[in-house]
Structures are given as structure tokens and as C-alpha cells.
Amino acid sequence: MINSSLMVLVLSQAVTYGTPILFAALGELLAERSGVLNLGVEGMMLVGAVMGFWAVQRAPGPGSLVLVLAVLTAAFAGALMGLIHAFLVVTLRASQIVSGLALTIFAGGLGLSSYLGNDLGLADVPPKYQLGQINVFGLKNVSVVGPILFNQSALVYASWALTIAVALYLSRTRFGLNVRAVGESPGAADAMGINIAVYRYAHVLGGGALAGVGGACFSLSITPGWTAGDSLVGGAGWIAIALVIFSFWRAELCLVGAYLFGALSGGLPAAIQAHNYKAIPTFFKTPEFLNALPYLTTVIVLVIIASGWAKRRLGAPAALGIPYVREER
Amino acid sequence: MRKRKHLLVGVVMLLAVAALALATSVSAKQASVFKVAWIYPGPHNDGGWSQAHDAGRLYVQKMLGSKVQTTYKENVFSNASVPQIVAGLVRDGYQMIFATSFGMLELGVNGQLWKKYPKVLFEQATGQQIEKNQSEYFGAAEDTIYLSGMAAGAATKKGVVGYVAAFGIPEVVRHTNAFTLGVQATHPGAKVKLLWTNSWFSPPKETSAAQNLVAAGADVLGQNVDSPAAGVYAEKHGIPWAGYDSNAQKFAPKQWLTASVYNWGQYYLSRVKAAMAGTWKPGFYYGSIKDGFTALAPYGPSVSAKTKALIAAKEKAIEAGTFNEFCGPVYDQAGKLRIPKGKCLDPRTPSGINALYSMQWLVKGVIGSVSHVPPPG
């Protein structure tokens, strides 16, 4: 049974645990392509997670409908969080870094998300419904690819469609071209008649919605339920922000990177411990080393990216992080 | 203009008087109410460890009513933030502080807090540092964990039980060993696969741990972590599950076996009462089944009458003092005899408690290893 091998297990969990990171990273990608850096991803994810779970517990109707509603609620909640950031940095032209950090602290584990969850009575409650794995085309047991690709939750398949949509949107549509113009040179875009504020608002809100869905991946599917504090999302939002840089602001590379980090933060540490392979030296099996892997990888990738070759092809939006003021053009 | 100035001075003076009156009335009120605080490592409603302590706090509040004022600080994941939290509580007039996790009042700066606030009564769960104004308390959960292990052993068909554990500290190692011995009591030769999450409370890590233990061959799950995430996973995938530190049956109505649970309320009430009466003395409390401090949660539907009878008999023997799971011969993973025949690790003796509180070896049948890293603090 190759399907119970370590490799297949780790890869299938890489997809599972990479999906919330992918949603959040695609959202951050949209915002950054329009020139707005949003460090509030972790907070937006936590709010999405709690509101998604709230909808699952309280919305009436059949299970599948409730789950769709829950994902939409999480998206809406994330978008509302994005609205706070957009208002501060687009309308009031506040510092994007400060506003984003403030958003994460405000909405985070010690703030709004915990308040909402406790106030709505969502802690210590078993989930009414959860997004389970789908046996796509009955291919669940096919060697290797079955468990990895054809036995995941609906959100995973949605994230694939979304990756393609975002990639095509940015590269093939007029709107996408406009977004890139806004992110690269808002002055020129403004002269072309593009409404900078509208574009930035739309993409920060859209990014917030996707971060909300990313949070809901945890509370509806990966570990159904809600708990106070920030351990539910556990830093996935921060990884998503780093991932946008690693992927050179390209949607398709986000997918690859998300699964790499999904493997490192989700399946790999547990799988290596559970299988206790003799061939792996003890040091590499210690939970301390395994838990440090995502961060070690971040450091290594940052070093590679900072090298000259990568820098030339990096492609960061030129106006990223800079508030647009027409008079200062 | 001049008149205005007089008015302003008058208002300021009036405010000052009002503030003074308010301050004295507050301090007068404080004198009659005894203020007690708790510090939890997780959320107060985590469905596990912290929630069990909070139930104890609510019990104290209910029994003593308006004579006490209680509060809690939750989500204290890092012991490094404890000195700040204690400073805040002392400033707010709290006279007694229960710190509910190891290291909160032990090691480094945390171990000096009793000296810094000599008028405050400190109590720490699961540690060993006793001072003139600091007590230690915990209970022989290993006994009830052994019993929950018996339920898990009876449930396993393949003879492999997965165990999700937090940190490789003596407390968790002791519990893991007791659980394994319990599993082997009802399923001789069974193995317990151990997986560390390095976190007391992390639903995603616990889910992933459960998933990987099952993939690695476990057909029953047990845990020494605080969230019910593994139970949610177990219920969905039809894996019997033994919880820890709270009755979490609602998360896995079908697959729930049982769990070792704590009743902190009685102890808290007696300590707060003693503190209020001025009879509080530092000490080391180690509760047991007999005291009602540790207990077994209600069984799930799949536990057979035969298993229940076996467990009930062992529970009686433990209560009567005729059985102790850490009585020799007990071998470690390498096959070395750790507790010789005729010897027991008795928590009522100093040498017994020291051996239990410094356990860093795993019994035969545990698959996994213990790393020697203390929890963050």
C-alpha cells in the first residue's frame, strides 16, 4: 500500500494544511498588486474563522447550504476587516505597516476574534457540520495521486479554481492590467483615468475576504470547531505574507509555496514522529527541530531571494506601501 | 475672567474631594472582600485543562459568594509574561494567586515572585517549589490515566494506541507511562505510539497528530493535551478516543471512552477559606481518587460492561492503597529494569514523589522518545 507511505501522507497533508495559507496568500497578492501591503492577514483570518464557525452553528437549513453560507460569512467578515485597513491607508493615507499590524492586534487572539467567539458562545461547542473530504470521481484510492489530489475538502478545489482565476485576472484582463498599473505607478494610472482609490479599496476588501475564507478552512474543515486565542490559525497569516514575496507576486507560485509550507507546518512534523523512521537521525526527529522547520525554510528562502539573481526578477509592485496623493505626483 | 478662575479652582477642588471619597470607599470595600486570582495557560473555555480550573474558581465564587472576588488571566502561553501579570494582579489588590501551570512560579525570575510580594499567597499547580508564602498542588492523575488507559487497551484491536502528548516534561512522561501500563493491563503486549505537539493547546497540531498516528497504525487514540481536536477527528473517522482533564464526550459522542478528570474546586475552596481565616500554611498537596481530586469521566457507549468491571475493581484497589501502577517490575523501552519487584513509587513518600516528578524514561511498549526540553518559560 503505497498510499499509506510517509511521502503520500505528507503530501496529502501538505495540500490540506497549505490551503488556508493559499487563500490568504492570494488575497494578500491582490492587495499588494494594487499597491497596498496588509500585515493584518493573521487577524483577518482569525475573524473569518470565528464568524464562519458561528454561521455553521447558527444558520438554519440543510448542512451543505449552511456550509456554503458559513464560507460566505467568513469572507464577508474578512472583507469588513479589510475595509478598516482600506479606510485607514487609502482614504486617510495612514502608514500601511502600522495599520496592518494594528489590525492584527485588534482582531487577533487577544482581541476582537476572541471577544466575538466568547460573546457568541462558540467555545467548547462541538461542530454541527464540517467540510469533509470529497471522494472526487471515486478516485480516492488511486495510487499516490488519489489521497493527495482526489480526497480533499471542497475548499481545496475552490482554491485551485481561485488560483487560476487570479492568475488569469492579473495577466489577461483589462481590470487586472489596471490593478498592476495602480500598484506599479499610480500616478500614470491616475492620468489614464483609473480611479486609484476604488481599485485599492476593491482589492484590499477582496483580499480580506480571501483571508477570511482561509481562516474558515481551519474552523470548518481542518480542525472543526473554535477556540479562543490565536492557536487556531497559529501563524498561517504571517506565512501567507511571506509567501507572497517568495512567489514573486505570482498566483501560480503561491500554490507551490503554500503546499511547501503546508507540509512543513502541518503534516511533516507529525508524520516523521509517528513513523519514527530508523533511517532518520534522532536530531531530525525531535519535535523542536520539526516545529522550527517552517521558520528555517523562511530564512533560507529569504537568503536566496535576497541574492542578486532573484532580485533582478523579483517583480515587487513599485508603489507597494506608498500612499497615493494626487497632488504629490 | 477672575470669577471664572475661581470657578475653575472650585471645580478642581470638588473633583479632588470626590476622588478622595471614592478612593477611600473603594479601599474600605476591598478590606472586606478577599481577592483571589487564577492564571491559566489556555483560554478559560478551552474544553480542557484551563476550563477545569475555571470550574474550580466558579465553585469558590459560588460557595463564598460576596465574601470573595475572583478573576482570571487566560491564554498565558508563555511563562515569561507571568511576572508582569502577577505585578498587575498585586497592584489591583489580589491577595492570593493560583498559577495553574508548571514554571509560572518556578525557575528564573518566576521562582522569585514569592520574595518580591511577601504579603501575597501563591499556589502553583504541578510544580515543586515551596516557600513561606508559596504552596504546590496537583494530584495523582497517573492513577486515573492508568484507568483510562485500560479502557483504551480494551478498545484496541491491533494493539496499537496513539497518544498525543504536549511536552517531554516529567509530568507528561509519567502520565504517558501510566496510560501505557493501563493499556497493557487490558491488552497485554500492546504498543503506545507517542507524538509530541510541543504545545499544551493547539487544535491544528493535535488534529494533525491524531491523523498521523492513525495513519501509522493506531486504532485507538489517547491524549495529554488540552483541546478536544483529536476527539473531533476521532469521531469523524470512527476511532475510539480517551480524552484528558475534562469530560469532552460531546465532541465525540460515539467514540468517547472516558478520561481522567480533575476536580480542583474542593482544594481551591479549602485553601481560600484557610487564607481568609489566617490559617493558610505552605505545603505540598497531592490529591487522589480517594480525596475526590481525580476521577474518571463517565464512560462512552462503546465501553463494555466487562471493561467497566475491570476498571472499577482497579479503581477500588487504588483507593484502598493495595494497587499502584508504578509497582515493580517495570521495564523501560530498552528493557532495563527501572522499578524492581517489590518496590513502588509511592507519592506519599518524598523519594516516591521525587521519582515521579523527575521521570524522564518511557516504559516498555511506548514507541517514541522523550526530548529533554522544558516547556517555554
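1. How many salt bridges does a search of the whole structure find over all chains? The search comes back with eight. One of them pairs A:D124 with B:K250. A:D124 sits in the loop between α5 (112–119) and α6 (145–149) of chain A, while B:K250 sits in the loop between β9 (241–245) and β10 (256–262) of chain B, so this pair joins two chains. Keep in mind as you read on that this is a predicted model.

2. Let's stay with that pair for a moment. The closest N and O atoms of A:D124 and B:K250 are 3.1 Å apart, and the cut-off for calling a salt bridge is 4 Å, so the pair qualifies. As background, side chains of opposite charge can pair when their charged atoms come close. Between chain A and chain B the count is one salt bridge.

3. Now for the rest of the interface. On the chain A side 34 residues are in contact with 36 residues of chain B. Together the two chains bury about 2,800 Å², with 54% of that on carbon and sulfur atoms. There are also 11 residue pairs in polar contact between chain A and chain B, counting pairs with both residues at pLDDT 80 or more.

4. Which parts of chain A supply at least two residues each to the side that touches chain B? Look for α1 (6–33), α10 (196–222), α12 (251–275) and α14 (287–306) of chain A. The biggest giver is α12(A), with seven residues. Sorted by class, this side of chain A has 16 nonpolar, 15 polar and three charged residues.

5. Chain A itself is built with 15 helices and zero strands. Its C-alpha trace spans about 65 × 50 × 40 Å along the principal axes. The radius of gyration of chain A is 20 Å, which agrees with the value near 20 Å that a compact globule of 329 residues would have.

6. Phi of A:R93 is near 55°, a positive value in a residue other than glycine. In general, most residues other than glycine have a negative phi.

7. Over to chain B, where the domain assignment gives domain 1 (14–18 + 26–140 + 264–287) and domain 2 (141–263 + 295–367). The C-alpha centres of these two domains of chain B lie 29 Å apart. In contact across the boundary are 19 residues of domain 1 and 21 residues of domain 2 of chain B.

8. How much area do domain 1 and domain 2 of chain B bury between them? The figure is about 1,700 Å², and 58% of it is on carbon and sulfur atoms. B:W49, B:A140 and B:Y286 supply 30% of what domain 1 buries against domain 2, more than any other three residues.

9. Salt bridges across this domain interface of chain B number zero, but eight residue pairs are in polar contact, both residues being at pLDDT 80 or more. On the domain 1 side, α2 (49–64), β5 (134–139), α9 (265–277) and β11 (284–287) of chain B give two or more residues each. That side divides into nine nonpolar, nine polar and one charged.

10. Last, a peptide bond to check in chain B: the one from B:G328 to B:P329 is cis, with omega near 0°. You'll find B:P329 in the loop between α10 (305–320) and β13 (330–331) of chain B. In general, most peptide bonds are trans.

Key: Residues numbered from 1 in each chain as written. Chains lettered and ligands numbered in written order. Predicted model: local features only at pLDDT ≥ 70, side-chain atom pairs only at ≥ 80, totals over all residues. Heavy atoms only, no water. Contact = heavy atoms within 4.5 Å. Buried area = accessible area lost by both parts, 1.4 Å probe. Salt bridge = Lys/Arg side-chain N within 4 Å of Asp/Glu carboxyl O. Polar contact = N/O pair within 3.5 Å; in protein donor to acceptor, adjacent residues only side chain to side chain. Helix = DSSP H or I, 4+ residues; strand = E, 2+ residues; numbered from the N terminus. Nonpolar A, V, L, I, M, F, W, Y, C, P; charged D, E, K, R; others polar. Domains from an automatic or database assignment. Rg over C-alpha atoms; globule rule 2.2 N^0.38 Å.
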